[in-house]
Amino acid sequence: MSMRDSASTAIAAASLGRRPLWVGLALVGAAILVWLVVGLWPDWLNAILLSKKAFVSAILNGLTLAGLYFLVASGFTLVFGLMRNVNLAHGSLYLLGAYIGYEVATRTGYWLIGVAAGFLVLAVVGILMQVIVFRRLEGDDLRQTLVTIGISIVAADLMLAVWGGTTYQITPPLWLEGAVQTPILLAVRSNGSPVYLPYPFFRLVVLFLAIAIGVGLWLMLNKTRVGMMIRAGVDDRAMLSASGVNVHAVFAIVFAVGAGLAGLAGVIGGSALSVAPGEDVRYLLASLVVVIVGGMGSIMGAAIGALLIGLAEQIGLIYFPTYGVVLTFVIMVVTLAIRPQGIMGKAR
Amino acid sequence: MTLVATDRTRTPGLLERIGAPHLALGALLLLYPAIASDFFLTQIGGFSLLMGLLGLSLMLLAGYGGMVSLAQITIAGVAAYSVAIFGENNTGVLGLGWPWWLTVPLAVGLAGIVSALIGAISVRTEGIYTIMITLAIATGFYYFTNQNYAIFNGHSGFAGIKAPVFWGINWRDPLPFYYLCLAVAVVCYAAVLYGARSTFGLTLQAVRDNQRRMRAIGYDVTAHKVFAWFLAGIIAGLAGVLLVWFNGRVSPGTVSVQAAISVLVIAVVGGLRHPIGPFLGALIYVMLEVFAIDLVGAERFNTLIGLVFLLIVFVSPDGILGLLRQIGPGLADKPLRPDD
C-alpha cells in the first residue's frame, strides 16, 4: 500500500517536473478562479456578464438544480443500467413522491418524515412494478417501454383526479430556511465593509444531499457485495444468474433504490420549487437528457450530465431566456454527434 | 433474377392486384357519408383518417425500419405551425397570408426536412435509445413553442386558421373535408404498401432485420434510414396540415408529450406490422375519445385509454392486427416476416 502510494507520488512528481508549462497554466487558472470568487470584479467583466451577482447566482442555482436532476436521473440510469429497460414512468414516480411527501409532511408536521415517506413508499411502488410488470416482460425492451408509457398515462390522470390541478408547495422546516452569507464578495461599501452574496440555505442543503447520495451510490456500487452483483449484472446478466445469485432479488433492490430516489427527489424538489401536474414530464425529460448526455447506466455520467444540463438551463435562463431549452438540446445533439453512447457511456 | 422475371410474365390486373378486402373497404369508406351525420363524418371519419395518417408515418418507421419514434406529432406540428405562420391566422402574429398552394407544399416539405434532421440525430442509436432521443426532442419542441413568442406565439399559439376554398368548394365543410382526408389517406396508404415492396422498402426491411450484414454488403445504412425518416415526415406533414385545418388552431398543446404518446398508442394498439393497423388504432382511439364521456366521464378519458393500451400491449404485442391473426389467420394480412 505504502509502496504504491509512494510510487504514485513519485510518478506525479515526475510528471510535474516533465510538464512545467501545464502545471503552471493550471496554477494560473486556479488562481484566476479563486480571484473570481473572492475578489471584486472589474467593470468590464460586470458589463459582459450583467453583474457578478446575476452570474454567480446562476451558477449556484445551476448547481442546485443539477443536484435535483442528479437525484432523479441517478435512479433512472441505475434501473436502466442493470435491467436494460427505460422506465418511462420515472417522471410519474417523481411526482407521486412529491405528492406523498406533501401529504405526510403537512399532516404530521415533520418535513423529515415526509422525505422518508417519499423514499419508502416509492421504493415499495418500485418493487411492485418490478414484480408485477417487468418480471413478465423480461428481455422485451419495446413492450417494457410501451407498458411504462401506459402506466405513466394512467398515473398522471389518477394523480390529477386526487390532487387536482393546483400547485402545492412543501414547506421545509424552519432550521432549513433563511439565507447564509457565502464567501463570495459582491461589492465594498463606501465605509469599507464588504458585501457578500447571500444564498438560500435550503438550496445549498439540496446540493450537499445530492453529493452525499452520489458518493453513497458510488460506495454501494463499488464497495459492497450487492454493488458487485449489480455491476456483474450490467456486464453479463446470464453469467450472474448462473453463478447462483438470485437475480430477481438484485433487480428488486435496484428498482427499489431507483424508484425511492425518484420519490425522494420529488419531496426535495417540491420543497425547493413546487409540485404541480406536468412536473412528471419535466423531470422525465430531464432524466432522459441527463442520461443521454452522460451515458446510460453510469452514475458518474449522470452526475456530469446533470451538471451540464442544470448549469445550461440556469445560465440560459439569465442570458437568453427563450432559448434555454434550445441550449439543452444543442448540448444533447453535440454530445450525440461526437459520442453517440454519451460522455461516460460504454461503446457497444 | 429468373424468379422475378417469371413472376412478371403473368401480370395480374389492377383490380386483382388491389385485392377484394381493399375494394370492399374502399367502397365502404366512399359510401360512409351516405349514412353518417355531419358529426360522424368529421369528428369520427375525418379525424380517424388523419390520426391514422400520423400513426402510418410511425408505422413506416417502426414496422419497416425498426425505429420507434415519439416525435411524429412534432413533425406534424412543424407542418401545422407552418400553415399558420405562412398562411392566414387571426391571432395578429405573423400570418404572411400566402395562398394555400404555396403554404401546403412548403409545410409538408419543411416537415420532411425536419423529420430527416431528427432522423439524422437518432439513427446513430438503436431501439430504446431512439425512443428516448425522439421523446426528448418532442418534449424540447413543446417547451420551445411554449416559450417562444416571436415565431410560435407562445402558450396561446395560433387560432383562426381556415381550410382553403377552391374549385368552388369550401374544404372545411364536413363532406369535402372527409373526402379530402380519405383521398390523402388512401394515397399515403397505397404508397406505403407499394413502397414496402420496392427496392428501397425491401432494403429498409433488410436493414431492420440485420443492420450489420447490410452494412457489410455495402449498403449505406444511415442514408436509407434517414430517407425513411424523410418519407415518414412527408406523411406526418400531410397529417399536420389536415390537423390544423380540422382544429382551426395550433398551440403547444397540439405538440405536447401527451399528443406524442397518443400517436404511439394509436399505432401500437392498431398493430405495426401492416399499414392498415394505425387506421384501425385511430378509429378505436377516436371512438373511445368521443364516447368515453358516456363510459367514465370526460375527465378520466386518459385513465381509460391508458388501461386499454396496457391491456392490448399485455395481451397482444402486435395490437389488434395480432389479435385478428390469432382468431383467424385468413382475417388479417400475412406477417411481413416469419414470426421470430
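A salt bridge, as the term is used in these legends, is a side-chain nitrogen of Lys or Arg within 4 Å of a carboxyl oxygen of Asp or Glu. The model is predicted, so that local features need pLDDT of at least 70 and side-chain atom pairs count only at pLDDT 80 or more, whereas totals for chains, interfaces and linings use all residues. Residues are numbered from 1 along each chain as its sequence is written, chains are lettered from A and ligands numbered from 1 in the order in which they are written, and side-chain values use heavy atoms, with hydrogens and water left out.

**View 1. The salt bridge of B:Asp209 and B:Arg208.** The side chains of B:Asp209 and B:Arg208 come together in a salt bridge with an N to O distance of 3.0 Å. In the whole structure, over all chains, a search finds four salt bridges.

**View 2. The interface of chain A and chain B.** In this interface 46 residues of chain A are in contact with 37 residues of chain B, contact meaning heavy atoms within 4.5 Å. The area buried between the two chains is about 3,500 Å², and carbon and sulfur atoms give 79% of that area; buried area is the accessible area (1.4 Å probe) that two parts lose on being put together, summed over both. Four residue pairs are in polar contact between chain A and chain B, with both residues at pLDDT 80 or more. A polar contact is a pair of N or O atoms within 3.5 Å; within protein, one must be able to donate a hydrogen and the other to accept it, and residues adjacent in sequence count only if both atoms are side-chain atoms. On the side of chain A that touches chain B, the elements that give two or more residues are helix 4 (52–83), helix 7 (141–163), helix 12 (279–294) and helix 14 (324–338) of chain A. The largest share of that side, 15 residues, comes from helix 7 of chain A, and the residues of the side divide into 34 nonpolar, five polar and seven charged. Helices (H or I, at least four residues) and strands (E, at least two) are DSSP runs, numbered from the N terminus, and in the residue classes Ala, Val, Leu, Ile, Met, Phe, Trp, Tyr, Cys and Pro count as nonpolar, Asp, Glu, Lys and Arg as charged, and the others, Gly among them, as polar.

**View 3. A:Asp157 with B:Arg300 and B:Thr303.** The rule finds one salt bridge across the interface of chain A and chain B, and in a salt bridge between these chains the side chains of A:Asp157 and B:Arg300 meet at 3.0 Å, N to O. A:Asp157 is buried, with a relative accessible area of 4%, whereas B:Arg300 is partly exposed at 23%. The side chain of A:Asp157 also takes part in a polar contact with the side chain of B:Thr303, at 2.5 Å. B:Thr303 lies in helix 14 of chain B and counts as buried because its relative accessibility is 12%. Apart from neighbours within four places in sequence, B:Thr303 is in contact with A:Val154, A:Asp157 and A:Leu158.

**View 4. The salt bridge of A:Glu313 and A:Arg282.** In this salt bridge the closest N and O atoms of A:Glu313 and A:Arg282 are 3.7 Å apart. The pair links distant parts of the chain, with A:Glu313 in helix 13 (residues 299–319) and A:Arg282 in helix 12 of chain A, 31 residues apart. A:Glu313 is partly exposed, with a relative accessible area of 24%, and A:Arg282, at 24% relative accessibility, counts as partly exposed.

**View 5. The surroundings of B:Asn146 in chain B.** B:Asn146 belongs to helix 7 (residues 128–147) of chain B and is buried, with a relative accessible area of 17%. The side chain of B:Asn146 makes a polar contact with that of B:His155 at 2.8 Å. When its neighbours within four places in sequence are left aside, B:Asn146 is in contact with B:Gly154, B:His155 and B:Pro252.

Notes: Buried < 20%, exposed > 50% of the residue type's maximum accessible area, 1.4 Å probe, protein only.
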